[in-house]
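Subject: Handing over the structure, with notes

Dear colleague,

Please find below the structure I promised to pass on to you. My notes follow it, and I would be glad if you read them with the structure open beside you.

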Amino acid sequence: MYSMTTVEPITPQQISAINLPGVLISIGVGVAVWLVASFIISGITKRVAEGSRLFKKPHFRWVAPAFRVLDHERRVQRANTIGSLLRSVIGVLIAALTIMYVLQNLDVNIAPILTSVGILGVAIGFGAQQLIRDFLAGIFITIEDQYGIGDVIETSEVVGTVEAMNLRFTRVLADDGTIWYLRNGEILRVGNRSQGTYIAPRETSADEAAPQQQAGE
């Protein structure tokens with residue numbers, strides 16, 4: 001009994017259409033670019049974490065009061081967050097370009113693939129709007145230094161100390177000991193008591209409240 005399906009052998013023309021050196025070169029160039037980009041990003045992250053020494057020179061000391069000095073923990077946190085974001089974005093771009101060049105060297109028509117990826121990206125974008133919103137808000141919070149670890153912030157939901165933060169959410173320890181997880185995209189208004197000259201309201205003691213009550217009577 002013979003099988004109804006037949007396997008067509010690969011013709012010499014199809015084999016010749018495959019550019020094996022081009023595939024290897026594309027992969028090698030992609031890996032090399034990724035290593036160089038990672039090295040540059042690591043150097044930038046390290047410099048940002050250590051802090052700039054430009055305004056510490058005698059000629060620029062008059063500018064120092066105009067800049068708010070960030071503590072080491074916050075500076076390291078911001079540098080690591082920005083470095084991680086840059087690595088992710090550059091890694092995705094390099095991987096996508098490398099795959100495209102590899103497929104071209106394999107004589108694969110990438111036009112239908114790009115169309116399918118575009119449609120899939122639009123579908124994922126509609127389904128993950130809130131997640132994208134949280135990530136974008138986290139990026140701007142970190143870059144603009146709206147608040148950082150150790151700051152006392154006040155939002156519409158809670159007043160407390162920032163214990164941890166990333167691009168998706170912020171963890172806040174409230175005064176009563178409650179741990180709050182705030183999604184960055186839902187923080188519409190935030191006040192940072194650690195950046196300004198916040199003065200806590202003076203609590204009125206019982207001895208001071210009694211004469212005021214008698215005077216009111």
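To begin with the overall plan, how many helices and strands does the chain have? The chain has 6 helices and 5 strands, and please keep in mind throughout that this is a predicted model. Read from the N terminus, the elements run α-α-α-α-α-β-β-β-β-β-α. Of the 217 residues of the chain, 23% count as buried, and the accessible surface comes to about 16,000 Å², with 64% of that area belonging to carbon and sulfur atoms. Among the contacts in the chain with a separation of 6 or more, 58% are accounted for by residues 24 or more positions apart.

The sheet

The 5 strands form an open sheet in the order β4-β3-β2-β1-β5, and the pairing is antiparallel. Its edge strands are β4 (179-183) and β5 (190-192), each of which pairs on one side only. On average, and with direction ignored, neighbouring strands of this sheet are turned by 40 degrees against each other. Within the sheet, β2 and β3 pair in the antiparallel sense over 5 bridges, and A164 stands opposite R171 in β3.

The nonpolar core

Which residues make up the largest nonpolar core? This core has 11 residues in all, namely I141, Y147, I149, I153, V158, V162, M165, V172, A174, L182 and I187. The elements that give two or more residues to this core are β2 (159-165) and β3 (169-174). One of the core residues, A174, touches V158, V159, G160 and W180, if residues up to four places away in sequence are not counted.

Helix α5 and the residue that follows

Just after α5, D145 takes a positive phi of about 55 degrees, although D145 is not a glycine. I mention this because most residues other than glycine have a negative phi. D145 lies in the loop between α5 (129-144) and β1 (152-155). Is D145 buried or exposed? With a relative accessible area of 9%, D145 falls under the 20% cut-off and is therefore buried.

Two further residues

N184 is found in the loop between β4 and β5, and because its relative accessible area is 2%, under the cut-off of 20%, N184 counts as buried. Leaving aside residues up to four places away in sequence, N184 touches D134, A137, G138, I141, Y147, N166, L167, R168, F169 and T170.

Y101, by contrast, lies in helix α3 (residues 72-105). Its relative accessible area of 48% lies between the cut-offs of 20% and 50%, so Y101 is partly exposed. The C-alpha atoms of Y101 and S26 are separated by 6.3 Å, although the two residues are 75 residues apart along the chain.

With best wishes

Technical notes: Residues numbered from 1 in each chain as written. Predicted model: local features only at pLDDT ≥ 70, side-chain atom pairs only at ≥ 80, totals over all residues. Heavy atoms only, no water. Core = buried A, V, L, I, M, F, W, Y, C linked by side-chain atoms within 4.5 Å. Buried < 20%, exposed > 50% of the residue type's maximum accessible area, 1.4 Å probe, protein only. Helix = DSSP H or I, 4+ residues; strand = E, 2+ residues; numbered from the N terminus. Contact = heavy atoms within 4.5 Å. Pairing = 2+ DSSP bridges. Axes fitted to C-alpha atoms, helices over the stretch in contact; angles between N-to-C directions. Areas by Shrake-Rupley, 256 points an atom, 1.4 Å probe, with all protein chains shown as cover.
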